[in-house]
Amino acid sequence: MDQLASDLGMTGPLTGLRVLELGHFVSVPFCARILADFGAEVIKVEAPDGGDPMRLNGICSEGKSLWWSSLARNKRLVTLDLRTAEGQKVALELASKCDVVIENFRAGQLEKWNLGWKNLQAANDRVILVRVSAFGQTGPYRDRVAFAPIAEAAGGLNYITADPETAGRRPPVRASVSLGDSITSMQALFGVMAAVYERDVKGTGKGRCVDVAMYESVFAMLDSVVTDYSVLGTIREAAGSSTATFVPSNSYLCKDNNWLFVTASANGVCGRLFEAIGQPELINDARYTDNSARLMHRYEIDAIIGKWAGDLTASEAEETLQAAGVPATRVYSIADCVADPQFVARKAFESVFDQNFGSVLHPGIVPKFDQGGSLPGIRWAGRELGADNEDVYRTLLGMNAERYELLKEQKIV
């Protein structure tokens, strides 16, 4: 661990990796947050006139975003006007001190700011640039404006998320979270680590430019949808809370108006399910003997399970099926998650001090590491605009007081 990492209290397997975040909204900031959780030193650049729009997005309390508390945690925050020539010069100086630069402006925006791949390479030939955009840096749609919901729709996800009984009459159902952003963040993370491995472990010593498109990230996780279409001409249609490939796998309403989710598509598991719901004779019924047969009779099976679940509370049904070795769970609300002993035992959420709200809960760190080395951790919550300006510019870049004060006077930082 270098002295700076030690001074910042940084721990984790990525300690020593320095990342420059030129991101806003969700996808790149979430990617950078995970890197920071695992020990990377993340320097987040924000515009001096207001900062990342996420400071005011989502649910707010007294004008402060609650989301910001976790999205910007563990990061060093600086302000810099990238629209100015001097700001661009400072950004290149920062990039010269970093291993990775990640950005999610519109395709081509960095080039307009003289911060494109060629400029970054000239400043630091070891730097890795990871670029996130809606439709990628190439192709006929590269200039389209989009956010995560657009990527989810254009990537084929929303087409299969409607209730099949109302498909065509009611809109597709989207997750009430930034799913497209999160999926894209995971792809960007992989891009970072693959490029770091190539440079540092395989020993090329050179950076790479990694192009991550949001719509592609969504499309890539649609399991066999494209292969099914290419071979059979099959278009996967909406299936509600079930799936087109496995039966039974669905949600069932219980007598306390809570939902139970059951997945028992493997033959042995399905047999245990039939035993548990008091219908062992179904095990040898030709309609239900294997998944292919069950796919042809999905509605009958759902009706049988639904009738059984409707006579029990969700907790009773869950306990019965779990005891029989059948994968089943109540559908959790956030209140259920926070109260659940499994979540508590594995620190799925952690209490963090926030300067605006006091003690708040953040999502915990995923995945978990054993105790055999340096551990990731949450060191601080998202902080005020420009919190680390002086330390980063004066200490990391070695900027003299005269230049730093001039940049402040000109509102470049």
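## Close-up views of a predicted model

**View 1. Aspartate 125 sits in the loop between α6 (117-123) and β7 (128-133).** The model shown in each view is predicted. With a relative accessibility of 38%, aspartate 125 counts as partly exposed. Its side chain makes a polar contact of 2.9 Å with the side chain of lysine 206. Glycine 207 lies 82 residues away from aspartate 125 in sequence. In space, their C-alpha atoms are 6.0 Å apart. Setting aside neighbours within four places in sequence, aspartate 125 is in contact with Gly205, Lys206 and Gly207.

**View 2. Glutamate 103 belongs to strand β6 (residues 100-103).** Is this residue, glutamate 103, buried or exposed? Its relative accessibility is 0%, so glutamate 103 counts as buried. The side chain of glutamate 103 has a polar contact of 2.7 Å with the side chain of arginine 131. The glutamate 103 side chain also reaches the backbone nitrogen of phenylalanine 105, at 2.8 Å. Residues up to four places away in sequence aside, glutamate 103 touches several others, among them Leu22, Val28, Leu129 and Gln137.

**View 3. Helix α2 spans residues 27-37 and is mostly covered.** How many residues of α2 are buried? The count is 11 of 11. Among them are Pro29, Phe30, Ile34 and Leu35. The buried residues also include Arg33 and Asp37. Glycine 39 follows α2 and has a positive phi, near 105°.

**View 4. Phe135, Tyr141 and Tyr215 form a cluster linked by ring pairs.** A pair of aromatic rings is described by the distance of the centres and the angle of the planes. The whole structure holds eight aromatic pairs. In one, the ring centres of phenylalanine 135 and tyrosine 141 are 5.6 Å apart. Their planes meet at 85°, so this pair is edge-to-face. The rings of phenylalanine 135 and tyrosine 215 have centres 5.3 Å apart and planes at 35°, so that pair is tilted. It links distant parts of the chain, 80 residues apart: phenylalanine 135 is in the loop between β7 and α7 (148-154), and tyrosine 215 is in helix α9 (residues 214-219). Phenylalanine 135 counts as buried, at 9% relative accessibility. Tyrosine 141 is partly exposed at 40%, and tyrosine 215 is partly exposed at 26%.

**View 5. Arginine 144 places its charged end over the ring of tyrosine 141.** The distance to the centre of the tyrosine 141 ring is 3.6 Å. Elsewhere, arginine 379 lies over the face of tryptophan 380. Here the distance from arginine 379 to the ring centre is 5.3 Å.

Definitions and conventions: Residues numbered from 1 in each chain as written. Predicted model: local features only at pLDDT ≥ 70, side-chain atom pairs only at ≥ 80, totals over all residues. Heavy atoms only, no water. Helix = DSSP H or I, 4+ residues; strand = E, 2+ residues; numbered from the N terminus. Buried < 20%, exposed > 50% of the residue type's maximum accessible area, 1.4 Å probe, protein only. Polar contact = N/O pair within 3.5 Å; in protein donor to acceptor, adjacent residues only side chain to side chain. Contact = heavy atoms within 4.5 Å. Phe/Tyr/Trp six-rings, centres within 6.5 Å; stacked < 30°, edge-to-face > 60°. Lys NZ or Arg CZ within 6 Å of the ring centre and 35° of its normal.
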